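Look over the sequence and the model first.

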Amino acid sequence: MRLAARLVLAATIALALAASAKAGRQQSRSPAPDGVAPEAIDPRYIAAPTSLTSQDLASLQNLLADWARLGRYRKDNAALPPPLAGERRVVFYGDSITEGWGADGVPFFPDKPYVNRGISGQTTAQMLVRFRQDVIELDPAAVVILAGTNDLAGNTGYATLAMIEDNLRSMTELAQAHGIRVVLSSVLPVTDYPWRPGVRPAAKVRALNAWLRDYARTHDATWLDYHAAMSNAEGGLDARLAADGVHPTPAGYAVMAPLAQAALEEALEKQNP
């Protein structure tokens, strides 16, 4: 990247971060409409970087060019044939936890018409942008949505629980408007993120999962609870299930697979053949 372009990009990022920080300060001073004070913004999410390496700038340029990563599965989607007559295709939709399901020898539902459309690092905001391309246009009978942990980690900036819930609600409504059965998965247990240490999200994970469970039960979606089956006493994952505390090992996926299959069978029973 030329020096001038680097400077422009760095300035754009700095301005965006400054605006985000200003908005956060204004929000913390103003009461919410219902009279409840808004959640304080952790400074980790709005602190400007002290320096930008050439690798950072290249990554940021790619992110700005395709923020939702619509290009990730574009060719795969184009090459995917329509479902066979009577076939009930399922899209597994999520972040790295979904993308890693089937990688490195981990079985991904052999002989099932299931399609993986996970993208590492993604938040619910990015997933909402690509939902039509990577879910609806594949004509599935059902979608399994597993998302939210990267929002809590602040991967695309600070996100409140309400913001995450809005994105999950919108994906559910889009799917249901197209006759797609929705399976809403609990966020997996996590006590901390290796790439953002100190956030300690276990309590927020439990709160988000409580909302997801209640929303699924009242909005004709199927609830898939990984958290209850995998959580340790600290609200995280044991090393046997996730070596880094976030991404499942083969043993972790072995716990998840039958839970997902059972939820899908429940969801598809509700759909007309």
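Asp220 counts as partly exposed because its relative accessibility is 47%; the cut-offs are under 20% relative accessible area for buried, over 50% for exposed and partly exposed in between (1.4 Å probe, protein chains only). This is a predicted model: local features need pLDDT of at least 70, side-chain atom pairs count only at pLDDT 80 or more, and totals for chains, interfaces and linings use all residues. Residues are numbered from 1 along each chain as its sequence is written, and side-chain values use heavy atoms, with hydrogens and water left out.

**Salt bridges**

- Side chains of opposite charge can pair when their charged atoms come close.
- The structure holds seven salt bridges, each a side-chain nitrogen of Lys or Arg within 4 Å of a carboxyl oxygen of Asp or Glu.
- Asp220 forms one of them with Arg181, with the closest N and O atoms 3.2 Å apart.
- This pair links distant parts of the chain, 39 residues apart: Asp220 is in the loop between α9 and β5 (222-224), and Arg181 is in strand β4 (residues 181-185).
- Helices (H or I, at least four residues) and strands (E, at least two) are DSSP runs, numbered from the N terminus.
- Arg181 has 11% relative accessibility, so Arg181 counts as buried.
- Asp134 and Arg130 meet through their side chains in a salt bridge of 2.8 Å, N to O. Both Asp134 and Arg130 are buried.
- Arg213 and Asp214 form a salt bridge at 3.4 Å, N to O. Arg213 is partly exposed at 28% relative accessible area, and Asp214 is partly exposed at 40% relative accessibility.

**Aromatic pairs**

- A pair of aromatic rings is described by the distance of the centres and the angle of the planes.
- Rings of Phe, Tyr and Trp (its six-membered ring) pair if their centres lie within 6.5 Å; planes under 30 degrees apart count as stacked, over 60 as edge-to-face and the rest as tilted.
- The structure holds twelve aromatic pairs.
- Trp101 and Phe108 have ring centres 6.1 Å apart and planes at 75°, so this pair is edge-to-face. Both Trp101 and Phe108 are buried.
- Trp211 and Tyr215 have ring centres 4.9 Å apart and planes at 15°, so this pair is stacked. Both Trp211 and Tyr215 are buried.
- Trp211 and Tyr215 both belong to helix α9 (residues 202-218), where they are four residues apart, about one turn of the helix.
- One aromatic cluster is formed by Phe92, Trp101, Phe108, Phe109, Tyr114 and Tyr253.

**Charge over a ring**

- Arg72 places its charged end over the ring of Tyr73, 4.2 Å from the ring centre.
- The criterion is NZ of Lys or CZ of Arg within 6 Å of the ring centre and within 35 degrees of the ring normal.

- Asn150 lies in helix α7 (residues 149-153). Its relative accessibility is 3%, so Asn150 counts as buried.
- The Asn150 side chain reaches the backbone oxygen of Gln122 at 2.9 Å.

**Nonpolar surface patch**

- Leu63, Trp67 and Val129 form a nonpolar patch on the surface, with about 250 Å² of accessible area together.
- Patches are made of residues with over 30% relative accessible area and no salt bridge: like charges are joined within 9 Å, nonpolar side chains (Val, Leu, Ile, Met, Phe, Trp, Tyr) within 5 Å.
- Accessible areas come from the Shrake-Rupley method with a 1.4 Å probe; for residues, only the protein chains shown count as cover.
- Val129 lies in helix α5 (residues 124-129). Val129 is partly exposed, with 46% relative accessible area.

Conventions: A polar contact is a pair of N or O atoms within 3.5 Å; within protein, one must be able to donate a hydrogen and the other to accept it, and residues adjacent in sequence count only if both atoms are side-chain atoms.
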